[in-house]
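Here are my notes on the model, point by point. Please read them with the structure open.

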Amino acid sequence: MTASIIDGKKISQHIRETIEERVTALKQSGITPGLAVVLVGNNQASKTYVSMKEKACKKHGIHSALIRLDEDITERGLLDKVAELNEDPAIHGILVQLPLPSHINETNVIESIDPSKDVDGFHPINAGRLMTGGDGFVPCTPYGIIEMLKFENIALSGAHAVIVGRSNIVGKPMGQLLLKENATVTYCHSKTKNLAFHTKQADILIAAVGIKELITNDHIKEGAVVIDVGMNRDDEGKLCGDVDFQGCRSKAHAITPVPGGVGPMTITMLLANTVQSAEKHVVDLNLS
Ligand code: NDP
């Protein structure tokens, strides 16, 4: 068997077309969706992600405000900035690029964002809503993965999904979303014994670890769908995932590449969340 490749760029493009239509409709009712991205310090990877997010916003007619703050800004200073953005009517989404310098408590910052503008979906209110089935923002990476699986018509109800990784931004919300789709969910993590025993039972395997080629051909069952979230660098500095792509391709039914798989979906879902926030704003205005 040679797995089909799940093309994140293509699916992303498809979703972005609908986002553009929604942005046009919003503009017709006098609202330009706005995203504020707060970048603290000079982390090179963060700068790259932020510039990709800005570019995507511009391309699709979303107003983007980049707020650059010095590495040595105090936590109070950052919280004040977030408070200002919370009150800004031109801003519908606020994203504070992580990681933050070690003198700033990330939890305090995440919790200071107005949940109705928390387009990253990291605020405990949105995490709680995801868990309890309420309406809220879903973290962009797992949101993008669910959209990919649906786009590819992969059966989720009754499927056994195994997630390797249990972070608050990928693994945990991924499991909640799959549960919502009636999958049976298993979480694995660094303390899991005999990882391959678990991963081999997966109809859908999601690797969100950050270890190059942790998942090999021996970790998957014939016909599995393999989603690789990992973004690692190989010895030559080339981007690679958590999955041995070539090895697993001969056994899987479908597989995402790195790059070109989950990555493009993440930014697309950030745009979707920002537009969703602006749409909610219009509904609230009409109700008031
Ligand atoms: P974290 O470091 O927060 O979490 C990693 C998870 O992997 C933890 O739950 C950890 O377990 C688990 N883990 C570590 N080692 C092992 C092991 N040997 N076996 C099984 N599980 C293990 O990472 P993130 O969730 O933030 O990101 C994961 C990867 O996805 C990274 O490569 C990141 O760069 C990438 N990423 C990609 C995105 C995209 O858009 N494509 C977006 C976000 C992340 P424990 O909890 O026990 O420590």
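How much of the chain over residues 139–281 is helix and how much is strand, and how many Å apart are the end C-alpha atoms?

1. Over residues 139–281 the chain is 36% helix and 17% strand. The end C-alpha atoms are 20 Å apart. Helices (H or I, at least four residues) and strands (E, at least two) are DSSP runs, numbered from the N terminus. The UniProt record, an unreviewed entry, places "domain: Tetrahydrofolate dehydrogenase/cyclohydrolase NAD(P)-binding" at these residues, 139–281. UniProt positions are given in the numbering used here, feature names are shortened, and annotations may be inferred rather than shown by experiment.

2. A word on the basis. This is a predicted model: local features need pLDDT of at least 70, side-chain atom pairs count only at pLDDT 80 or more, and totals for chains, interfaces and linings use all residues. Residues are numbered from 1 along each chain as its sequence is written.

3. The unreviewed UniProt entry also annotates residues 6–120, as "domain: Tetrahydrofolate dehydrogenase/cyclohydrolase catalytic". That span is 50% helix and 16% strand. Its end C-alpha atoms lie 24 Å apart.

4. Strand S2 (residues 34–40) is largely enclosed by the rest of the structure, because seven of its seven residues are buried. (Buried means 20 or more other C-beta atoms within 10 Å of the residue's own, exposed 12 or fewer, partly exposed in between; C-beta atoms are placed from the backbone.) Gly-34, Ala-36, Val-38 and Val-40 point one way, and Leu-35, Val-37 and Leu-39 the other. S2 pairs with strand S3 (residues 63–69) in the parallel sense, over seven bridges. Two strands pair if DSSP finds at least two bridges between them. Ala-36 has Ala-65 in S3 as its bridge partner.

5. Now the six-stranded sheet. It is open, its pairing is parallel, and its order is S1-S11-S8-S7-S5-S6. Strands S1 (4–5) and S6 (184–188) are the edges, each pairing on one side only. S5 (residues 160–164) runs parallel to S6 and is joined to it by five bridges. Ile-163 stands opposite Tyr-187 in S6.

6. Helix H7 (residues 171–180) packs on this sheet and touches S5, S6 and strand S7 (204–207). Its direction makes about 170 degrees with that of S6. (Axes are lines fitted to C-alpha atoms, for helices over the stretch in contact; angles run from 0 to 180 degrees between N-to-C directions.) Seven of the 10 residues of H7 are buried, so the helix is largely enclosed by the rest of the structure. Lys-172 is among the buried residues, as are Met-174 and Leu-178. Their cover includes helix H5 (124–132), helix H6 (140–151), S5, S6 and S7. After H7 comes Asn-182, with a positive phi near 70 degrees.

7. Ile-206 sits in strand S7. It is buried, with 32 other C-beta atoms within 10 Å. Neighbours within four places in sequence aside, Ile-206 is in contact with residues including Ile-145, Ile-163, Met-174 and Val-229. Contact means C-beta atoms, placed from the backbone, within 7 Å.

8. Which residues are closest to the ligand? They are Ser-167, His-189, Ser-190, Gly-210 and Thr-266, and 26 residues surround the ligand. The shell has 12 nonpolar, 12 polar and two charged residues. Helix H10 (residues 262–287) gives the largest share, three residues.

Conventions:
Two residues are in contact if their C-beta atoms, placed from the backbone, lie within 7 Å. A residue is near a molecule or strand if its C-beta atom, placed from the backbone, lies within 6 Å of it. Ala, Val, Leu, Ile, Met, Phe, Trp, Tyr, Cys and Pro count as nonpolar, Asp, Glu, Lys and Arg as charged, and the others, Gly among them, as polar.
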